[in-house]
Amino acid sequence: MDFLKNSKYWFSSGYLFFFFITWSVWWSFYAIWLNNSLGLTGAQVGTIYSFNSFFSLFFMIFYGYIQDKLGTRKNLVWIQSVVLVLIAPFVIYIYEPLLLNHFYIGAILGAIYLGAGFIAGAGFLETFTEKLSRKYNFEFGKARMWGSLGYAVSALGAGALMSINPHLNFWIASATGVIFLIINAVFKVEVAETEKKDATQVSMKDIRTLLSDKVFWFLIIYLFGTVCIYTVYDQQLFPVYFVSLFSGATDGNTVYGILNSAQVFVEAIFLFLAPFIVNKIGIKQSLVLAGGIMAFRIVGSATVTGGFGISFMKMLHAVELPILLVAVFKYIAVNFDARLSATVYLIGFKVSSEIGVIIFSALVGWIYDQTTYETTFYILGSIVFLFVIFAIFALNSNDAKQKLTDNELVYGE
């Protein structure tokens with residue numbers, strides 16, 4: 001329990017806690033806001049998600065390479081802080097009017113803003129916190145837990161606020177963004193000359209070497225075919241489908257918010273349990289397990305009936321995400337250069353999934369418009385199952401390195 005006495009742990013946890021509050025208070029209902037509040041079509045919503053992913057992937061590549069060269073310096077965190085603070089004025093006075101009157105201009109401008117601050121920003125902040133955890137000797141998982149708790153606290157009342165006035169959610173996001181900014185101003189990160197030298201030695205040659213590694217590409221293919229499909233389902237389709245199963249949108253929004261909060265509380269618990277699970281069954285097997293749960297949840301959403309069944313499918317996310325997150329960090333630690341942790345995570349995990357979202361979002365929106373939610377779920381779930389089978393044969397086991405201690409394996413120490 002020494003980490004509880006570590007002030008750097010608490011500052012890092014504060015980053016994640018208030019970032020995820022700022023993000024989730026509106027993001028968890030983003031598709032509902034676009035569909036129900038603004039009245040956009042399924043194809044339009046799919047286009048917005050595609051644009052969001054397209055621009056965010058450029059920020060992910062930029063963040064990964066630049067942060068690896070910065071080490072633990074806070075330059076990029078300052079930029080993110082300003083974006084969080086200004087989210088409400090941007091959405092209410094710029095983004096929403098443009099979507100309603102000049103759709104494509106609004107979609108592009110929103111994709112740049114949301115991509116920089118939130119979609120790419122979430123992965124960037126995770127990698128930055130992971131670097132701090134290695135530097136200041138605390139476990140990333142214990143800090144990341146606070147991100148899940150922040151998401152849960154936010155989602156608890158977000159549904160009710162969304163039913164009253166969605167603008168309230170965005171103003172709360174800006175308020176918590178101010179707290180994030182204050183934390184960043186107070187938090188002092190000591191950066192020695194040796195750290196600056198080691199970080200600045202990261203070069204494009206290292207990136208080219210990474211891009212020539214088939215282990216890296218097999219990981220990307222797996223994440224492309226599982227995480228990206230699952231992301232489209234979970235963000236674009238599932239919230240709207242969930243609300244549609246209730247007698248009124250207000251009831252659906254409220255129940256979804258409460259369930260979202262409960263799910264993320266359970267997710268925080270599994271962030272403690274996931275390292276044990278991954279160490280017990282192995283890294284590769286854990287990635288396969290996480291993908292299998294994703295596929296089961298997508299197909300299961302098409303087969304269950306009523307509020308209880310769909311709520312159970314929602315709660316499976318609390319099991320899948322921690323296992324996936326811990327397994328991916330461990331896979332990176334045992335297979336790649338630790339200096340490139342941000343680049344590998346953001347490109348291998350985040351960029352690959354966002355490219356998939358770009359490709360599939362509009363297509364999935366069109367499939368839904370032409371068919372039904374259930375048919376769309378069956379199609380998406382079948383695709384994920386195919387990539388899970390691919391992972392069984394293609395991913396690297398590295399059984400010997402799995403014997404490392406949990407702290408060594410996750411954080412590359």
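In which helix is Asp 234 found? In this predicted model, Asp 234 belongs to helix α11, which covers residues 214-244. Its relative accessible area is 15%, and because the cut-off for a buried residue is under 20%, Asp 234 counts as buried.

Once residues up to four places away in sequence are set aside, Asp 234 touches Pro 239, Arg 297 and His 317. With Arg 297 there is a polar contact between the two side chains, at 2.9 Å. His 317 stands 83 residues from Asp 234 in sequence, yet the C-alpha atoms of this pair are 9.2 Å apart in space.

## The largest cavity

Three cavities of 30 Å³ or more are counted in the model, and the largest of them holds about 790 Å³ of space. Its lining is made up of 41 residues, and those that lie nearest the centre are Trp 23, Trp 27, Asp 234, Gln 235 and His 317.

By class, the lining of the largest cavity consists of 22 nonpolar, 11 polar and eight charged residues.

In soluble globular proteins, nonpolar side chains tend to be buried together. Here the largest nonpolar core has 132 residues, and the members that touch the most others are Trp 26, Tyr 30 and Leu 34. Helix α11 supplies the largest share of this core, with 18 residues.

Tyr 30 and Leu 34 are also among the buried residues of α2, together with Ala 31, Ile 32, Trp 33 and Asn 35. This helix, which runs over residues 30-37, is mostly covered, since six of its eight residues are buried. After α2 comes Gly 39, which has a positive phi near 75°.

## Asn 169 beside Trp 26

What does Trp 26 contact, leaving aside its neighbours within four places in sequence? The residues are Ile 87, Leu 114, Phe 118, Asn 169, Phe 170 and Ala 173. Asn 169 is part of helix α8, residues 166-186, and with a relative accessibility of 0% it counts as buried.

Apart from residues within four places in sequence, Asn 169 is in contact with Val 25, Trp 26, Ala 158, Leu 161 and Met 162. Its side chain reaches the backbone oxygen of Val 25 at 2.8 Å.

Thr 343 is found in helix α16, residues 341-370, and it counts as buried at 2% relative accessibility. The side chain of Thr 343 reaches the backbone oxygen of Gly 64 at 3.3 Å. Beyond its neighbours within four places in sequence, Thr 343 is in contact with Gly 64, Tyr 65, Asp 68, Ile 207, Leu 210 and Gly 348.

Asp 68, one of these contacts of Thr 343, also lines the largest pocket, in which about 300 Å³ of space lies. Two or more of the lining residues come from each of α6 (103-136) and α9 (193-200). Sorted by class, the lining of the largest pocket has seven charged, three nonpolar and two polar residues.

Definitions and conventions. Residues numbered from 1 in each chain as written. Predicted model: local features only at pLDDT ≥ 70, side-chain atom pairs only at ≥ 80, totals over all residues. Heavy atoms only, no water. Helix = DSSP H or I, 4+ residues; strand = E, 2+ residues; numbered from the N terminus. Buried < 20%, exposed > 50% of the residue type's maximum accessible area, 1.4 Å probe, protein only. Contact = heavy atoms within 4.5 Å. Polar contact = N/O pair within 3.5 Å; in protein donor to acceptor, adjacent residues only side chain to side chain. Core = buried A, V, L, I, M, F, W, Y, C linked by side-chain atoms within 4.5 Å. 1 Å grid on protein atoms, 1.4 Å probe; cavity = no way out; pocket = protein on both sides within 12 Å on 5 of 7 lines; lining within 4 Å. Points joined across faces, edges and corners; volume = space filled by probe spheres on them. Nonpolar A, V, L, I, M, F, W, Y, C, P; charged D, E, K, R; others polar.
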